[in-house]
Amino acid sequence: MSVRPTRRAVLAGLAAALAGRAPAKAGPAPRIVSLDYALAEMLVGIGIPPVGVAGAEDWDVWVVEPPLPPGVVDVGAGLEPNLELLAALKPDMILTTPYVAAVGPLASRIAPVREFALYAGGDPLARARAAALELGHMVGRPDAAGAYLAAADRAFDALAGRVARLRPPPIAVVAFQDARHARIFGRPGLYQSVMDRIGLSNAWTGEANDWGFGVMAVEDLASLTPDLHLMSLEPVPPDAAPTLARSPLWTALPFVAARRVSVLPASLMFGGVSSALRFARLAVEDLEARA
Amino acid sequence: MNPAVSLSPPRLAALLAFAALAATVVVVWPPLWDGRWDMSASYDVGRMVLLHATLPRLAVALVAGAALGLAGALLQQLLRNPLAEPGTLGVSAGGALAIAAATVSVPTLGGLGRDAVALLGCAAAAALLLGLTARRRFAPLAIVLAGLVLTLWAGSLTAVVVLANERWLSGFFLWGRGSLVQHDWTPALALGLRVLPLAVLAAALARPLGLLDLDDAAARARGVPVTAVRLAGIALAVALTAAVTSAVGVIAFVGLVAPALTRLAGARSIRDRLVWSATIGAVLLWATDMGVQVLTAGTGLFVPTGAVTALFGVPVLLLLLPRLRATAPPPSAAAFGTGTLARGPASAAIAGAAVVGLAAFALLVGRAPNGDWTLALGSDLADLLPWRWPRVAAAFGAGAMLAAAGSLLQRLTGNPMASPEVTGIGAGAGLGLMAALFLLPEPGPATEAAAAAAGAAVALGGVLRLGGRSDHTAERILLVGIGLVALADALSGVIMATGDPRGFRLLRWMGGSTYGATGAAALVALAGGAIALSAVAAARRWLDILPLGRATASSLGVPYGAARIVLFTVAAAASAAATLIVGPLSFAGLIAPHIARELGFARALPQAAAAALIGGALLVAADWIGRMATFPYQLPAGLVATLVGAPVLLLLLNRR
C-alpha cells in the first residue's frame, strides 16, 4: 500500500490553501468509521480518511482506487462490525447505508450514526455527489469536498471529449458469475450513470433490479444488438473463458466473432464518485486501445 | 389405492409430459414460426439458441430428472424411509461445499474445472458416509442420521465460506441452486454417458432390492447378501447424484417427489417403482424447467430451476400427503440405547459447574483491537461486558430452549431425526422474515422480528393441526416440516441467485447470529429456557409413558391426544422463541438430546435437563469461537455450532 498522499488529497489541500482557508479551524480531523466502501472512498478523496472501514482487507480487490491509507483499521464485516473494536476506536461518527441499517441501534451506543442512501432509486452518481458535499460539511471541509467534485467533473468532461472523438458502438457491461451466467448492468446502476455522463450508450436496456443489474444466461446475450462491444469486469471466474471458447453459441455471437470483447480491471459497482471515475477511465482507455 | 381415482404411473407420467410438451411448444415455436429455420443463413439468432441452448437444456433436464428420480427410489427402498432422497446422504451438499471452497482457495480449480471438483466433493462425502456407517453394517437409521448430519455440516461450512467471501460467490448461488442453462451439448452428453450405465446397473439390482421389502433377517434367510446389496445400491444412488450435482448443481426435491408420486400412483413392484420413478423424475424436471422458462420470459428475472422444483414439489407433496400409505415401520430411537457414562446427582453437579465455568470464560477472554488475546478484568471488563453478556446469555438461553424442544420432539415422534429445524418451525420464521424483507419497504428490526414470529406461529399452527389429527402423525409432521424447510431454502435460493444484496442479510440471520441480541432479548431467552424446562418437569410422567403408545397410555390414565397437543405446543413455542434470537439453524436441538442420551440420561426429565445444559453450552462455545476465530470478522453461532457439533455427533454414533 502506498504511503504518499493521493493525488486528490493533494489537490484538495491545494484548493483549500488557494481559497485562503488553509486547514480549517486547525482542530483535529473528526474520527469517522465507515461501514460502506463508497462513503469511505469519498472521505479518502476529500482528504479526511476514515479511521476504520468495514471490509478493509478486501479494499484492494474491489475498490482499488483510491488506495486506502495505511493505518485504517478493519472493523470487520459491514453487516456485523466488531462492536468491541468499534468502541475502542472511539469514533466521533459512524456512517451506514440502508443495507447495514440494522447495525444502527447498536452502533449509536458508541457514536452518532449517520445513514447515507446512495443506492435507493434515482441516479447513484448524483446521489454520491450530494453525499460527498454533505460529508465535506460534516468533517468541516466543504471546500475540499467541492474541490474533489470539481476535479472529478474535469476528469469526466475530458473523458466525454475522448468518447465523442471515438464514436464507439453500444456497450454491454457484464460480470461473469460462472461459465453460464453473467450479471449485466443497466439503470439505475452506477455504470449507467457513468455512461450517461461521458456519452456512451448501453446496449442493454432491459429490466434491472433496484441496484441496477440483472442476471442473464449466455444465450440471452444473443438477443442484444449484434454491433455491441462487450466489457467483462474482473474478477472473471477462471473456468469461464475456456468453457465459453468451446461453446458454439458463444463463438458465433457477432461481437465475439468480431473480437469486440474486452476484460476490464475491477471497479466497485456499488461505489461513489471515485469508483465512477475509475470505471469511466478504464472503459475509455479500453475503447481507445482498440480504436 | 382408491378405485374412484384410477391413477397409474403411466397416466401420471403422460399427464406431466403433456404439460411439459405444451410449455415446450410455447418456448420452441416462435423461432420456428418466424421462418428462421433456414439452414442457408450463416448466422441466425433463433436457430443458434434453439440448437445450442434450448435443446441441450431440455436434454439435461430429462437426464438429470431421471437420475434423481432413480436415485431417490433406490434410497427410499434401501433405507426403508419415505423421506430419504439423494440430499439425505449429504452427497449434493459435499459437492456444493467442494465447489465453494475451490472457488475461493484455488481460483484456477487446479485446472480440473467445476465438474471434476464437484465430483470429488460428492465422492468424498459418500466415502465419509459409508466409512462412518460401516461399523453399523449400513443400517438404515445410521445412514439417514449420518447423512443428515453430514448435510448440515457441509452446508454450514459452505455458508461460512460464502459469508467470508460474500462478494465473490454470487455465481455459486446459480450453480449451487441448479440452473439448467446450457450453451453447448458437452454437459448433456457427458451427463447421459454417466447416467446410462448406472441405470443399467440399477436394473440388474432390482430383484435383490425387492427382497429388502422383508426385514433384514428374512431377506438373509432367502439368501440375499443384505449388506452387499445395500452397499451396491447406495453406491449407485451416490454416483447418480454426483453425476447430476457436478453437471448442474443441487436440484431439490425431485429425488423425493418422483418416487413418492410413483408410489401414490400405485406402483408396487420394485421394478415398477424404479422405472416409473426415473420416468416421472425426468418428466417432472422437464415440465418444471419449461414452466420456469415460460413464466420468466421477458420479465428480466433469472430463476434457477433447481430452486423452483421445491416450490412445485412442496405443494404436490402436501396435497398428496393424506394418501401416502404407511410404509415399513419407521426406525425407532430405541435402536440407539443409552450410554452409561453419567448417572446420579454428582454428574448433574459437575455438568452445572462446567456450564458456569464456560460462561465465565466466554465473558472474560477476548481479543484486543490489535488482535492479541486478553483477559478482561476490572474497568476493562466493565467496558466490554455490555457488549458481551447479552450475546453469551442469549446464546445459552436459545440453545437450552432448542435442546429442550428437540428432546420433546424426539420423544413425541419416536423419530431420532426430529428437531425444531426439521419440524419446520425455524423455516416458518425464516419465511416470515423473507416476506418482511422483500414485501415491505425498508422494514425496521421490530417489524422483522414480528414477521418472523408470525411465520413461526403459522408453521406451528400447521404442525399442531397435523399433530392433533391422526395416529400416523410422526411421519406427516416430519414431511410437512421438511417441506417447509425446502420451501424456505428454495425461496432464499431464488433470492440469492438474483444477486439482491438483501440476500446476504438473510444468509447471516439464517446462520444464527447473536450479534443483535439486546439485554432484554437475552433475559427473555434465559426465561424461555427455564419455562421450557419447567414444562418438561411438570409433564415428565406423560413423557415417560407416551412413547409406549395410545393403548398403554390410556390404560395408565394419560390423556393421549391432549397430552401430545400440549407438549407439541411447548416444543414449538420454545423453538420459535429461540429461532427469533439465534436464527433457524438449530443444530443444538438435534444434537443435544442425543449427547444427553449417550451420556446416560435416559428418563424424560433428566434427559431434557441435561440436553438443555448441553445445548446452551454448545451455543455459548459456538458464539465465543465465532467472535474470536476470524477477528475482527465474526461467524454466526448457529453455523459454528453445526461445525463443532456435527463431528461430535458422528463420533458418538460410531462409537459402538
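## Covered helices in chain B

Helix 11 (residues 254-264) of chain B is mostly covered, with eleven of its eleven residues buried. Buried here means under 20% relative accessible area, exposed means over 50%, and partly exposed lies in between (1.4 Å probe, protein chains only). Helices (H or I, at least four residues) and strands (E, at least two) are DSSP runs, numbered from the N terminus. The buried residues of helix 11 of chain B include Val254(B), Leu256(B), Pro259(B), Thr262(B) and Arg263(B). Just after helix 11 of chain B, Gly266(B) has a positive phi of about 105°.

This is a predicted model, in which local features need pLDDT of at least 70, side-chain atom pairs count only at pLDDT 80 or more, and totals for chains, interfaces and linings use all residues. Residues are numbered from 1 along each chain as its sequence is written, chains are lettered from A and ligands numbered from 1 in the order in which they are written, and side-chain values use heavy atoms, with hydrogens and water left out.

Helix 25 (residues 604-628) of chain B is also mostly covered: 18 of its 25 residues are buried. From first C-alpha to last, helix 25 of chain B reaches 36 Å, close to the 36 Å expected at 1.5 Å a residue. The expected span is 1.5 Å times one less than the number of residues. Pro632(B) lies in the loop between helix 25 and helix 26 (637-653) of chain B.

Gln293(B) belongs to helix 12 (residues 270-296) of chain B. Gln293(B) counts as buried because its relative accessible area is 12%. Leaving aside neighbours within four places in sequence, Gln293(B) is in contact (heavy atoms within 4.5 Å) with Val27(B) and Arg57(B).

## A helix pair in chain B

Two packed helices are described by the angle between their axes and the distance between the axes. For helix 15 (residues 378-413) of chain B and helix 24 (residues 587-598) of chain B, the angle is about 70° and the axes are 7 Å apart. That makes helix 15 of chain B roughly perpendicular to helix 24 of chain B. Axes are lines fitted to C-alpha atoms, for helices over the stretch in contact, and angles run from 0 to 180 degrees between N-to-C directions. Angles under 35 degrees count as roughly parallel, over 145 as roughly antiparallel, 65 to 115 as roughly perpendicular and the rest as oblique.

On the side of helix 15 of chain B, the residues that meet helix 24 of chain B are Gly399(B), Leu402(B), Ala403(B), Gly406(B), Ser407(B) and Gln410(B). Their partners in helix 24 of chain B include Ala588(B), Leu590(B), Pro593(B), His594(B) and Arg597(B). By class, this contact of helix 15 with helix 24 of chain B has six nonpolar, six polar and one charged residues. Ala, Val, Leu, Ile, Met, Phe, Trp, Tyr, Cys and Pro count as nonpolar, Asp, Glu, Lys and Arg as charged, and the others, Gly among them, as polar.

## Chain A and backbone details

Chain A has twelve helices and ten strands. Of its 291 residues, 56% count as buried. Among contacts in chain A between residues at least 6 apart in sequence, 63% join residues at least 24 apart.

Ala252(A) is in helix 10 (residues 248-252) of chain A and, at 22% relative accessibility, counts as partly exposed. Ala252(A) and Ala222(A) are 30 residues apart in sequence, with C-alpha atoms 9.2 Å apart in space.

Lys90(A) has a positive phi of about 45° although it is not a glycine. Lys90(A) sits in the loop between helix 4 (83-88) and strand 4 (93-96) of chain A and is exposed, at 62% relative accessibility. Arg259(A), likewise not a glycine, has a positive phi of about 60°. Arg259(A) is in the loop between helix 11 (254-257) and strand 10 (261-264) of chain A and is exposed, with a relative accessible area of 68%.

| Bond | Omega |
|---|---|
| Arg187(A) to Pro188(A), cis | about 5° |
| Phe631(B) to Pro632(B), cis | near 0° |

Pro188(A) is placed in the loop between strand 7 (181-185) and helix 8 (190-198) of chain A.

## Confidence

The predictor's confidence in each residue, pLDDT, runs from 0 to 100. Chain A has a mean pLDDT of 86, and 91% of its residues reach 70 or more. Within chain A, confidence is lowest in helix 1 (residues 7-18), at a mean of 46, and highest in strand 1 (residues 32-34), at 95. Over residues 1-26 of chain A pLDDT stays under 50, and the model has 29 contacts for them beyond four places in sequence.

Chain B has a mean pLDDT of 78, and 79% of its residues reach 70 or more. Over residues 325-336 of chain B the pLDDT is below 50, and this stretch has 21 contacts in the model beyond near neighbours in sequence.
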